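This briefing sets out selected features of the structure shown below. The points are grouped by topic.

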Amino acid sequence: MTTSTASTTVVRKPVAWRRVALHLGCLAALLVMLYPLAWLLATSLKPADEVIASLDLLPSSLEWSNYSTALEGVNEVSVWRLLGNSLFIAGGAVIGNVLSCSLAAYAFARLRFRFRGPLFAFMIATIMLPHHAVLIPQYILFNQLGMVNTYWPLILPKFLATEAFFVFLIVQFMRGLPRELEEAARIDGCGPFRSFFLVILPLTRPALITTAIFTFIWTWNDFFTQLIYLFSPEKFTLTLALRQFVDASSQSAFGPMFAMSVIALLPIVLFFLAFQRFLVEGMANSGVKG
Amino acid sequence: MTTTEIPTASRTRQDAAVKKPPRRRREGAAWVFLSPWVLGASVLTLLPMAVSLYLSFTDYDLFNPPQWVGLRNYTQMFTEDPRYWRSVVATLTYVVIAVPLQLGLALIVALALKSMRRGKGFYRSAFYAPSLLGASMSIALVWRAVFNDGGTVDNLLGTGGWVNQPGWALFAVALLTVWQFGAPMVIFLAGLQQIPSELYEAAAVDGASRWRQFLSITVPMLSPVIFFNLVLQTIQAFQVFTPAFAVSAGKGGPADSTLFYTLYLYDRGFVASHMGYASAMAWTLLLAIGAVTAVLFRTSRSWVFYASDTDGGA
Amino acid sequence: MRSCATAAVLALCAALSGCSGSGDSGGGGKAVLRYTWWGNPDRAARTEEAVALFEKQHPGIDIQTSFAGYDAYKQKLATQAAGGDAPDVMQLDYRMIDQYASGGVLLDLAKQRSALSTADIDAGLLATGVVDGKQYAVPQARGTETIVYDTKQWKATGVELPREGWTWNDWADTMRALAKKSGKPGGTDPGWSEDAFEVWLRGQGKNLYTKDQQLGFDADDLTKWWTFTDKLRREGAVSPAEQTTQLDGTVENTPLGRGGKAISDNNWDAPSSGFLALVPSGVTLAPMPSGEDGTPGQYFKPSMFMGIADNSGYPEQAAQFIDFMLNDADAAKTLGATRGIPVNESIREAITPELKDFDKTVADFQASLDGDLNAPPKAPPSGDNALQTTFQRDYDQVSYERMSPREAAENYITEAKAELRS
């Protein structure tokens, strides 16, 4: 307490040094971490005989034909169609998860109702059963509903808050907000709905953005569900299509598969770059004082 | 812990003066908020879960109707299947290695990024980049190339390949998970953003050191998020499937060293067509994870701090 | 406001169901058949072309195709079939037939005999699609195992080249000689492979499974085989455990394919084409070794079976389509050897002169064996799906020296008996 004025003059130099060290440390860590990604990029340009066999990072010559093959799409379905399908599914999933999970989370975090404890425990338990065990019952269910080979099995569950991961995530953030917020809103005449939309939701924005980012990326990469529920090639996604280049029983086209992986990576990179900056704006600059 | 003092400083008792609406109305509102979840949980989750619980007491080969066998799947699993126990050991080893490493790394990087003034966005994106890939086919091939004999790691460290030695393969798989620490990192970052900056300003005025600020503000205010990451990453680690499946081409080799629980479950259910046995494995895992999670929740009472609980609610 | 919302919901529903309206109702009075298979984009292009040809000949039938890589395909088909939603026409592997037939997924093809002719197919190969006396599936192609080797490297060692009728002991001596001359393993350790074991076993006059689908060998046989390969591994004549454990049937993961870490490999003939990209100087296909008394162990394995779903709404049209894929000369021209060398003998004779590159190599290799081999065994019991991986897992324990060949063999036999009982 007594040193606060002295420290500003003494500590300044070490702080500058510390910042440089911090950046150097981060850059060094990144160098190691991004090496496999560099490998992925380099491999997508390797000639066929080097893709698997070569253990060198750099290709001996640049093979752009991997990309032209990938851009032709698979099975007469253009890469743009595949991209559109992937975007539609991932976009729908994002809207569904953000809406339904935040609604459920609000109830669990801030409202009181009967069986709240047991229901919350059940919700957490639903994440604990390996999904392979419920795959077939779920498939039968969607088949009975006539939804196989449509996008419903991929999107509908998201609108029904079946991903407890995100409900729990938002619950944890909402529980971090002081209760005075709603008390104040209530004095102003807000019911639970208005205080949810006007007070709580804006303050949980980092959690909602996180939910949106993860949902987009995970849905985009979710090979398994797409494989099981989609039949018609024109409904396929990029993630499904890139696996069609690989067949253990015949010849695999690994070059185009790597090229397609890079193409499939671009939209999620853009999505992440577009939304990650919103993570910065938390409570600190939202203008609400505690 | 003495750390709860700062947030509670703003606590007021004015809420006592506010008239609460009748309990029934609030209860009704809760169910409106819950309705999508109730529908999804009962039809899409509870129903298939009940079916799999039933199947765990049957002999079910996917195509012919299930035959009731009582507890046979469970007794066979515990007493007659050495490979089952190998998968349990591999999974526990993996959980103990991967979860602390991944969470520790995610927290350190998140804290480092928070204290940065410039280049925050760049670093955040770059550190997240590996997590964009998931455990795709292409990353599996890259991983095998890097960790195989004659690959980058072998050349640098001279350890030989990792993915083809029983003592090392599990580390190669765990590293793949640790490498993709972006998700917990982003959650930590979001949690850090939610801490009101006034708290730090007030503490700085009081002359608290950075370390003191970390312990008295950051840790308690972040504790719900730390708890979330701990619980979820533990649950996910128990269910580790894709990285192992990708790196070992679905076999869990070499010599069963990466034959994790869900990998073996998948093998029993879909390769060997013993879906009843696989369901019994799934329910055993659920109970095991449930027990671990319950312990975590129990301990959380002593170290997780919720701002919303300070008015004596909950 | 409300109508706006309704319109939005309707538009969303339409989008979710797939915009093009190519669902089952899209056929407009046509018989719509779903046909699924596994393979790669090249096979897809040729298959689409053949399907288009069929649809032109049969305007009343609309065929919707879908394909995936083998592993993904297996998983998807199992889920669909378990959900009562198997596609009308499906491609099946030898190992899948027993399970799908006894599970009631497949249609007895005798019911559609008038639409589907099997007259030109070798009787021995055709019989592999029979379960409980009923023909459930028809093979499209055949393949056989081979010792595939790096031609240039082998010749450089001066070791005598493999010849027809060589025995397993000849093979072992050759591997030792190759290793001695070249300083690296002569070939892949075959101990991991149930397929290689079967060839060895048949060379002794035995089979993997008896006619009533029980185990056709005992722990002594398996111990002998694993002792044989384990010894070669210890001598350095075949690949070490660290290489062998990575084998999964793909050529990319074989020691030969991974930058020439060995001089030869044992594999199936058609997939060996993958070596062309990995072994720049070229590969040669040689026959598998025989038993010591000259009994050939290898056989023509039927592959790429086609079957019809038992609950298909259009079994007759499905049978017509299979007939087209098997017997039509124009279809054969389009398909070439993309699913392997055809089993239909007149088709095989017709297309053989037109085959190019590695397809021709495989056709010539098979022709050199024609007439020398014994008939294939009937399709393995469904338990074999699990046992195939168990076999490799147990051998891992041997090659990493965690179990003796005897211990591992006893383990395997116990598990196999349990698997075949259920």
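Chain A contains 14 helices and zero strands. The model is a predicted one.

**Chain A**
- Along the sequence, the elements of chain A follow the pattern α-α-α-α-α-α-α-α-α-α-α-α-α-α.
- Chain A has a radius of gyration of 24 Å, well over the 19 Å given by the globule rule for 290 residues, so chain A is more spread out than a compact globule.
- Along the principal axes, the C-alpha atoms of chain A fill a box of roughly 70 × 65 × 30 Å.
- Of the 290 residues in chain A, 50% are buried.
- Among contacts in chain A with a separation of 6 or more, 72% link residues 24 or more positions apart.

**Contact between chains A and B**
- Chain A contributes 87 residues to the contact and chain B contributes 85 residues.
- On the side of chain A that touches chain B, helix α1 (residues 4-43) of chain A gives the most, with 11 residues.
- This side of chain A comprises 60 nonpolar, 16 polar and 11 charged residues.

**Sheet in chain C**
- An open sheet of three strands in chain C has the order β8-β7-β9, with antiparallel pairing.
- Strands β8 (264-268) and β9 (283-286) of chain C are the edge strands, each pairing on one side only.
- On average, neighbouring strands of this sheet are turned by 35 degrees against each other, direction ignored.
- Strand β7 (residues 145-150) of chain C runs antiparallel to β9(C) and is joined to it by four bridges.
- C:Tyr149 has C:Thr284, in β9(C), as its bridge partner.

Technical notes
Residues numbered from 1 in each chain as written. Chains lettered and ligands numbered in written order. Predicted model: local features only at pLDDT ≥ 70, side-chain atom pairs only at ≥ 80, totals over all residues. Contact = placed C-beta atoms within 7 Å. Helix = DSSP H or I, 4+ residues; strand = E, 2+ residues; numbered from the N terminus. Nonpolar A, V, L, I, M, F, W, Y, C, P; charged D, E, K, R; others polar. Pairing = 2+ DSSP bridges. Axes fitted to C-alpha atoms, helices over the stretch in contact; angles between N-to-C directions. Rg over C-alpha atoms; globule rule 2.2 N^0.38 Å. Buried ≥ 20, exposed ≤ 12 C-beta atoms within 10 Å, placed from the backbone.
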